[in-house]
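Dear colleague,

Please find below the structure that I am handing over to you, followed by an account of what was found in it. I would be grateful if you would read the two side by side.

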Amino acid sequence: MQTGKLKIRTLKNNIFKSTVIVFSVVTILPILLIIYELVSKGIKQISFDFILKTPPDTFEAMTALSNGELIPGGIANGIAGTLFMVIMASVIAIPVGVITGIFLYENQGKPLANLTRNVSDILQGVPSIVLGLIAYIWIVKPVTHGFSALAGSVSLSIMMLPMIVRSTEETLKMIPQTIKEAALALGVPYYKVILRVLVPTGFSGLLTGILLSISRILGETAPLMLTALGSSAINFNIAKPTSAVPLLIWEFYNDPNMVDLIWSSSLLLMAMVLSLNIISKRIVARTK
Amino acid sequence: MNTDKITKAVLQFSSLIILLVAGGMIFSLVEGAVPAFKEFGFKFIFSNNWNPTEGKENFGALPFIAGTLITSVTALLISLPLSFSASLFLSEYYRRTRMAKVLGMMVDLLAGIPSIVYGLWGFYVLRPVLIDLGLPNQGFGIFTASIILAIMIIPYATSLSNEIISMVPNELKEGAYSLGATKLEVITHVIVPSARSGIVAGYILSFGRAHGETMAVTMLIGNANIIPNGLFSTGNTMASVIANQFGEAEGLKLSSLIAIGLLLFLITGIINTIGKFIIKKMA
Amino acid sequence: MKNLVTIILLLFVISACNSTSNKKGDKKSAKAKKVALTAAGATFPMPYYNMVFKSYTKKTGTLLTYGGIGSGGGIRSLTDKIVDFGATDAYLSDDKLAKMPAKVVHIPTVLGAVVIAYNLPGADGLKLSDLLLEKIFMGEITKWNDPLIQKNNEGITLPDLKITFVHRSDGSGTTFIFSDFMSKISTKWAEKVGRGKSLQWPVGMGAKGNPGVAGTIKQTKGAVGYIGSEYAFAQKIQTAKVQNSSGNYIEPSIESVSAAAKGEIPNDTRIMLTNSADPAAYPISGFTWIILYKEQAYDGRSKEQALVTVTFLDWLESSEAQSQAEKVHYAPLPKAAAEKAKAILRTVTFNGKTLLK
């Protein structure tokens, strides 16, 4: 009878399920540990001051430490700079990435598409510092004649591209052909098919890719060291150096007296990522 | 139709941008790397020597190539079962439940942690644990770096696989279930084949990410410019040595570092191509 | 969808306008374009620069941006003419000076010490002679209770513990000063390892940055390494007494570091202060320099920009700035050095005419 085989199949099924659950729990273990670390070491520093003020200098930090007080100041310049450069990078990368993803989807198997796809995948593996170097050569020297937010944004946008391209293409590929064909059969012009049918249907996947890429660049330090350099003040001039939260974290780490600030700054950065996640999930829920 | 032509042109133009960017990058890197290759020839790629002392300079890329490959592969192997399980958890087993929402959010958070924070956490928290477990070299090394890398790349593969698996049409799955298939069988025979390309794309993305990771690795790998002689040995990766030495580099050393950047580009390309070839064979 | 696209386009237009109209953030008005200075370079003096630059901004309103990307980065940035001045712990040799696009001058800004830090609970005040340093850092002595170390440190109980040498994995001016000292006291070191910002180390493990080395030493019993003095102090790490050229065991302090600079200083201020002759000097001390072009009219630079640069640097050499150094455990420049620096600043020209009186 089949019962013997059924038992084995069911057993395999249950073992697999348990394994999946165990592994999934293991997956979130690090995040719990890291968040615990960040919160326990960093929460006491978080206040409105922390968001609105600029960092102290090393002496102020030293005196505060020796008096047993909280280090004064905050990371306002970093928050402003990060938002500024991330928005600029997104403005460059999202349109290019999504449109290229659509191109790849529409031209499966064609040589240009294959080349672009391969190149995009390779770009993914380029270390962020090399991208910083490229932006240094292309923007810092010839265009802005100095370290600048623009250079920082450009290096970040190159980092975003591969992820957006790939997730767009793969998402669109999962949409049943019938939907697209139905629209075309009705005589809908091509661009409308893209804008009104494909993109909305694949919106969730597209947004995931975009979100992943923004999450990644929010925390990047190495390229910004060579491009945006950092600044002790809030700056919105794209041709001048600007700070960013990860840069500040690096500066704090390297300063003997301000090391303790790394945890609270990281906590704030994570809060930004979390908010981004929540907002986009809301958007996706709405469009569904 | 006219608009169709314009649309096609816009699509093509956009992909050309990416090609131009990549091409420009290779050009700039080659330009910067030429002095190093002139000085050392192609031996540079296979040379084990890295002596930055002024006057006795001799640079070779082999230790870093080895380090990069070993850490990335190890990281991918560690993260594969974890991220695959997590994506199945989210998209199949507990789909649309509270638990899935929470798990999903936690995994997404992993992606949002700056690489510097991973490095710091690894340095201050993970390392002491590993030292207690008996790891040599003060907890620095390939193994430590690979663990951190694995954690870092989990969200990429998970999120993407999750999305892709969710998009497998329900009818296919229902059909299999109605034939009496167990969940495991539906996964292996329906979902994975149908979503294979997307899942693999997720892993290629993860692998690329591991390759290029700079800050976290550089803080944990021990920065020994040697070919690693064991899983727990110290070593160095291409991205890490560039990050470490770039600030002070000039002249021949700078050129050697740029050459390493170029090599990283090429190696990523080769590995990607091999990977895709294997996948085609599997299809 | 349409809304999203419109928003994106709007943002693009806004940011494009931003670049052309030079709109700044909160307080500065669009008309009064205040000159801001950008600089990059060494991390060794960063705690001091960080503090003293900020106090200048408070005093004059001139914004100073400094990026600690390393001495090499500072030199590179100046070569590429994208900063007003660079900062380096290792002065440019004659060869390197010749390779720069135009004549470059050095001015020293502060004195710092590189300390030998270690982790041996209960063994404070370790005395390390030149011979011991050579043997430890070249791997010939491997345990702390080695008879040679014990002989030099009667009265301190040394455990049977392996010595772990932690050096820098990244290029650094701290390494430069340390290796310069080692080359002077040990011919073996000079031959085998030499001096430089990056070296091929005979033994030991590498950690990134001063904090990496300091953190590793702190967490590893039996570790020893070299770090900038402020790190040892701020993180309460034990420091060793080192022998200077007169044979005295000296602890790093403001006085002993200042003593290292008491000798003759060349007019262009390029000199290493390690192992100096003064009997009270701490032997692993060094200047750190700021470098700038002698002729400031390059690349469309405005006279105003040049003037603000040299005025600031002049202030940096003043007692007002120098007196702040001690707060963060750096030593102020000796008068002779500050005076030479000021003299050099007065040779800096714009279109041939000197800028400062």
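In this predicted model, helix H4 of chain A passes helix H10 of chain A in a right-handed crossing. H4(A) covers residues 76–106 and H10(A) covers residues 203–218; the two pack at an angle of about 145°, and their axes are 11 Å apart. On the side of H4(A), the contact is formed by Thr82(A), Val86(A), Ala89(A), Ser90(A), Ile94(A) and Val98(A). H10(A) contributes Leu206(A), Ile210(A), Ile214(A), Ile217(A) and Leu218(A). Sorted by class, the residues of this contact comprise nine nonpolar and two polar, with no charged residues.

Helix H6 (residues 128–140) and helix H7 (residues 149–174) of chain A pack with their axes 9 Å apart, at an angle of about 135°. H6(A) is therefore oblique to H7(A). The crossing of H6(A) past H7(A) is right-handed. From H6(A), the residues making the contact are Ser128(A), Leu131(A), Gly132(A), Ile134(A), Ala135(A), Tyr136(A), Ile139(A) and Val140(A). Their counterparts in H7(A) are Leu150(A), Ala151(A), Val154(A), Ser155(A), Ile158(A) and Met159(A). By class, the contact of H6(A) with H7(A) has 11 nonpolar and three polar residues, and no charged ones.

As to the domains, chain A is divided into domain 1, spanning 1–45, and domain 2, spanning 76–287. The centres of these two domains of chain A, taken over C-alpha atoms, are separated by 30 Å. Contact between them involves six residues of domain 1 of chain A and six residues of domain 2 of chain A. The side of domain 1 of chain A that touches domain 2 of chain A consists of three nonpolar residues, two polar residues and one charged residue.

Turning to chain C, three strands form an open sheet with mixed pairing, in the order E5-E10-E11. Strands E5 (127–128) and E11 (249–250) of chain C stand at the edges; each has a single partner strand, so one side of each is left without a neighbour in the sheet. Strand E10 of chain C (residues 241–243) runs antiparallel to E11(C), and two bridges join them. Within this pairing, Gln243(C) has Tyr249(C) of E11(C) as its bridge partner.

Yours sincerely

Conventions
Residues numbered from 1 in each chain as written. Chains lettered and ligands numbered in written order. Predicted model: local features only at pLDDT ≥ 70, side-chain atom pairs only at ≥ 80, totals over all residues. Axes fitted to C-alpha atoms, helices over the stretch in contact; angles between N-to-C directions. Helix = DSSP H or I, 4+ residues; strand = E, 2+ residues; numbered from the N terminus. Parallel < 35°, antiparallel > 145°, perpendicular 65-115°, else oblique. Left-handed = near helix turned anticlockwise from the far one by under 90°. Contact = placed C-beta atoms within 7 Å. Nonpolar A, V, L, I, M, F, W, Y, C, P; charged D, E, K, R; others polar. Domains from an automatic or database assignment. Pairing = 2+ DSSP bridges.
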